[in-house]
Each structure stands twice: as structure tokens, then as C-alpha cells.
Amino acid sequence: MGAFILRRIFQGFLVVLGVTIVVFVATRLVGDPAKVMLPLSATDEQRAAFEHKFGLDRPIADQFVTFVGDLATFDFGESMWQRRPAMDVVAGRLPNTLKLIAAGLGLAIILALPLGAIAAIRPGGIADRITVFGGLFGLSLPQFWLGLLLIMLVAVKWRLLPTSGYGGWQYFILPAITLAVPATARLMMLVRSSVIDELNQQYVRTARAKGLRFSQVLFGHALRNAMVPFITLAGWEFISALAGYTVVVETVFAWPGLGLTAMQAIRHSDLFLLQAIVFTVAIGIVLVNITLDVIYKLIDPRIKLA
Amino acid sequence: MDAISDMPLLEVERLCVEFDTRAGVVHGLRGVDLSIRRGETLAIVGESGSGKSVTAQAVMGLIDVPGRIVSGDIKWKGQSLLTGDGPKRAREIRGKEVSLIFQDPMTSLNPLLTVGAQIAEVLQRHLGMTKTQARTRVLELLEAVGIPAPPRRANQYPHELSGGMRQRIMIAMAIACEPQLLIADEPTTALDVTIQAQVLELIAGLQETLNLSVILITHDLGVVAGLCRRVAVMYAGRIVEMGLADDLFERPSHPYTQGLIRSTPRLDDRMNRLIAIEGSPPSLLSPPVGCSFRARCPIAVERCTEQPPLAVVHPGASAACWRPSVPAWQESPPLEAALT
């Protein structure tokens, strides 16, 4: 297990290196950073000074070596917009995003497991139909629209919760629900179909023949065995939230997290900050994948780690 | 086999089971009568789709949507399991007083739980044992079914064990609460021949030491002879012949049983060629009126359009046939003669 984790960390390191190369190429070679980051009114001298300050006038290979060297020390340079090191900005915002994902995805998992399992008891039955309809409904709601709707109704009209921003638990509810709705729908549909599959397996018949209570058969055997696909999708949800959905939700709710920061970095043409965010997300994705592999092995002893 | 009491343990009366399918209603069981006493051994033989397994599942209360028990009754120690408090009682005795071994040990165990945990589950459910108590008993049970190194095996997962081992685990699970009736649904079909013999020996041994009643479901007549005292032959959802095993093999009454025995190769019979029963069993979507074997029966007569009752042919044997014990299949020429 230890050797496996080390090997995966090494592979993850290669992935992150690959991502940095892509980021480097996309920012230095495809576009001109000086043009992107400086206002249109900047003079040629200002442009040259800018390029010199950030080493953009040096040969590209040289720049790459410096870039990678800086990465190794998590030095992404100065955020133009915030006027402080880009990594400091990321470090300040990342926990907020992680908390939001934890709340949203936690809610989705808590709802999806029992709902999906109950729907699977009798496919085509009334509980199943309600679940499938609810699932399709949840999948069809655009997240930005759902967020705005919740703000309008719950925060503005009924004045039950704050409209946006960051603070105590009240501030978590609406963004977490917005993040959770489509994720719950996807996870629930998956739990439903995997548990239906598992309930048709021979070992479930054995469990019933042993005289176990139905709840034991459903939750102790069928649902437990449906965990491998579930964990895969839950991991995917985490990654998609980190790399995308939080951008929408955080923007709608003015949530001071990484997603909102990414939007602001783009709006302020803050290339160095954006690089730091992309790099952080890439590391996050690699870490989630390693964690998933370890969880698979813990759930299913037949899985060989290689 | 020595202590057969007179009180029937299990009685199945006129049991009818139907399955709803897209094509229509399949009549899986069409009035099955069975009874078994304490310590008795009964084999149910028949080809695929004859209703052997459905009978076992009905007794275990495992008939599930789209199947349903339409009529008839199942009684355990004289009390119905289908009416009144029956279903609740059925849940309690399932796995405790009656247990079932399935055909395929490869898929019958949960792949994600250790075999020890899967056996312990029964003990915790029915005998209210704690984890530690169950653990001790699990090791005893593994020992009893002939699994070497129980402490190590108990912590292994099904995929780490061979087919024969897994079937032994299934048996350990089935006898965990010292049941009175063990139903073995084709317990050896998925196993190698040498392992088959070992598993049958194990079942026979346990039958004797625990004074178990055993219902052995099989399509393999060779398996029946050594293990069971009585035999029921099923065809198209009905029992067509029932009798003592030795007697039934010696002088089968029903033409189907005659055909079944004559179509099984025997080492001690070099004279007769094997026969094939022409045709295939009737569809149970719309079962034929009268005797279901009529269309394939060489000695069918006018009267066979009427369903014959299961009637005593000679002491200890009954058959559902209007012309029982009439030799149905022509003596074919000896093999040597046919080859020259």
C-alpha cells in the first residue's frame, strides 16, 4: 500500500508538471502577457519595462527553467490585481472553497445514498418514479438560475437567509444547496441503478435465504457493494466542483473562494494569479484521484493496486 | 436416517406458483404436494424448468416479484407459513430452522465481505450472538465442514477460495444454526467431479450427525442414489412420480422417469443403448390440458388428455400416469449388435 501511494504521488507529480507546461505554453507562447496584462494605453517603454521586470524578454527556454524553478517553491509571482504574492491569495481563498464543496457534496451524498437505495427496492414503483422524476428535474436545473432563484425567494422575499457573502452557517445554506442539487441528482441515479444491479446478484439471494432483515440485505450487502461506482462518481463530483461548478456558485453568491477569485483574475487579466489557481486545482485533482484509489482498495479486496 | 419421526416437518400442499412475464403468465408450479419428516432425505429430480428450484424458493419464502404463490399452502411443523402469522414465522425460521445451499458457490457469496463475517451474520441474526461469540462458533463450523486452517480462512474473501471451498462455506453458513431441514439446490453442478463427491459426502455426513432432513434438488440421477431415501420426479411444474430411491431406479412407473433413467449412462449396463426423449418440455405459458408428458410419451392413449392423479402404483411408489409401469421405451438392440 505504501509503495503504491508513493508511486501514485510520483505519477501525480508528472501530471502536475504536464499541466504547468501547458499553462506555460498557453500564457507565454500563444498570447503575449504584456499585451494581456497592461492596459491598451501603455507606452512601448512601459511595455518593455514590464517585460524586463518579469523576464519576458529573455529566451523562452530560460524563462521555462525559471518558471519551473519558481513552481518548486510555490512562487507564482506577484498578483497584479491584489498586489501580493499570487500563492498567498490562493492560500487565503482555497479553504473557503473547500468548505463550500464539503457542505454541498456532503449534503448530496447524505441525500443520494438513502434515496437511491430506496428507489432501487422496487424499480418502477412509486418511490422509484418520484426519485427518477426528481433526479431528472435536478439535472435539468441550470446552477446559476437555481442560485438566483434561491436568493430571490429565500433571501430577498422571505428574508430567511443572507443573500450572499461569507460568514456563519447561515451563509453556507443557499450556496451549498445550489451546489448539491445537480450532484445529488447524478449520485442518486447512480446509486439507484447500481443497487438494482446488486439486488439481482446471487449473493443477495443468499443473504435473504440466511433470514437477514431486508434492511440488512439492502444496506449491509447491496448498498455496500454498490460503493465502488458511487465513490468514483463522488470523486468526480469533487473534482468538477473544484475545477468548475464552484466558479458559477461562488460568482452567484459572491463567495470569497477560489472559483470567484478565478473569475476576478480573468477579469483583471491577472495572469500570475490565474496560473497559481490552475496549478492548485491540478494538485487537488491529483490528490483526489490518489485518495480514490486507496478507498477502492479498502472497499473491494479484489482490486489489485498497481 | 435412523431417527425418522412420524410428524412431518415440512408439508407442501397443492402449491401453485405463477410468474408474470412480458409473454404472459408462466405457470411455474401447478399443484405440488410434498412432505418430509425429521431425518428424512428426499431428492427432487427433473430437467431445467420443471419447477425444482421454484419449489425450493417457495419453501424458503424467496418467491419475489414477478413471481407469486397463487394457491396451496406450505406448512412447517403443521403450521401454515403463508396465512395468518405465517409470513412472520417464515422470516424467523429462514436460515435458522430451514436453510438453503445454492447451485453456484462462485456468485452466492458476497465478494466484499470475509467468509467469516458472512457466516457470523447468521449467528448474530438468529442466535443473538456477539461478535466474539460468533467468531468462536465460525471457527468450529469451518472445522466441521472440513476447511483447513479455520482462523486464516475465516479472514479471507470469497475470491481467495476455490469453488469447493466456497461451497463448504455455504454449507457452514447453512448449518450454522443447526437447522432441521437443509435444502440443497443443485449443490454440486458447478463443481469438478472429484469435488462433487467430497461435497456430497460432507452433506451426507452432516445429515447423519445432525439428524438433518435434506431435500436435494438435482438433475443428476447419479447424485441421488447414494444420498437420498426418497425421490420425487418433477415434470412441467408437477410431481409425476414419487417413491423410494432404490425401488424407483429398479422399476420406474412413469414413462418420463423410465426415459430419464434410460437416458443416463451407467457403467454397469453395457447392454442397452441410451435413449433420447424426443421433443422438448411444454411451454408453461399455456400448459397442455391433461398429462403434460403426453406429447412426448410413446404410450400415450386417449385418456391422457385428462390429468392423471398421483396414485399409488405399488407400496412406496406413486405415479401420475394412466398406464403406470407399462414399458414405454422399446428395448433397443444391444450395442454390439447395432455396431455390426
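Trainee: How many cavities of 30 Å³ or more are there?
Mentor: Eight. A cavity here is a set of points on a 1 Å grid, over the protein atoms alone, where a 1.4 Å probe fits but cannot get out. Note that this is a predicted model: local features need pLDDT of at least 70, side-chain atom pairs count only at pLDDT 80 or more, and totals for chains, interfaces and linings use all residues. Residues are numbered from 1 along each chain as its sequence is written, chains are lettered from A and ligands numbered from 1 in the order written, and side-chain values use heavy atoms, with hydrogens and water left out.

Trainee: What volume does the largest cavity have?
Mentor: About 70 Å³. Volume means the space filled by probe spheres set on the points, with grid points joined across faces, edges and corners.

Trainee: And which residues line the largest cavity?
Mentor: Both chains contribute. Lining residues have an atom within 4 Å of a point.

Trainee: Which element gives the largest share of that lining?
Mentor: H6(B), with three residues. That is helix H6 (163–175) of chain B. Helices are DSSP runs (H or I, at least four residues), numbered from the N terminus.

Trainee: Switching topic. How many residues of each chain are in contact?
Mentor: 19 of chain A and 27 of chain B. Contact means heavy atoms within 4.5 Å.

Trainee: What area is buried between the chains?
Mentor: About 2200 Å², with carbon and sulfur atoms giving 55%. Buried area is the accessible area (1.4 Å probe) that two parts lose on being put together, summed over both. In chain A, A:Arg208, A:Ala209 and A:Lys210 lose the most area to chain B, together 28% of what that side buries.

Trainee: How many salt bridges between chain A and chain B?
Mentor: Two. The side chains of A:Arg208 and B:Asp64 meet in a salt bridge at 2.7 Å, N to O. The cut-off is a side-chain nitrogen of Lys or Arg within 4 Å of a carboxyl oxygen of Asp or Glu.

Trainee: Now chain B by itself. What are its domains?
Mentor: Domain 1 (8–228) and domain 2 (235–339). The bounds come from an automatic or database domain assignment. The C-alpha centres of these two domains of chain B lie 29 Å apart.

Trainee: Which side chains form a salt bridge there?
Mentor: B:Arg296 and B:Glu47, at 3.7 Å, N to O. One salt bridge is the count between domain 1 and domain 2 of chain B.

Note on methods. On a 1 Å grid over the protein atoms alone, a cavity is a set of points where a 1.4 Å probe fits but cannot get out, and a pocket is an open set with protein on both sides within 12 Å along at least five of seven lines; lining residues have an atom within 4 Å of a point. Helices (H or I, at least four residues) and strands (E, at least two) are DSSP runs, numbered from the N terminus.
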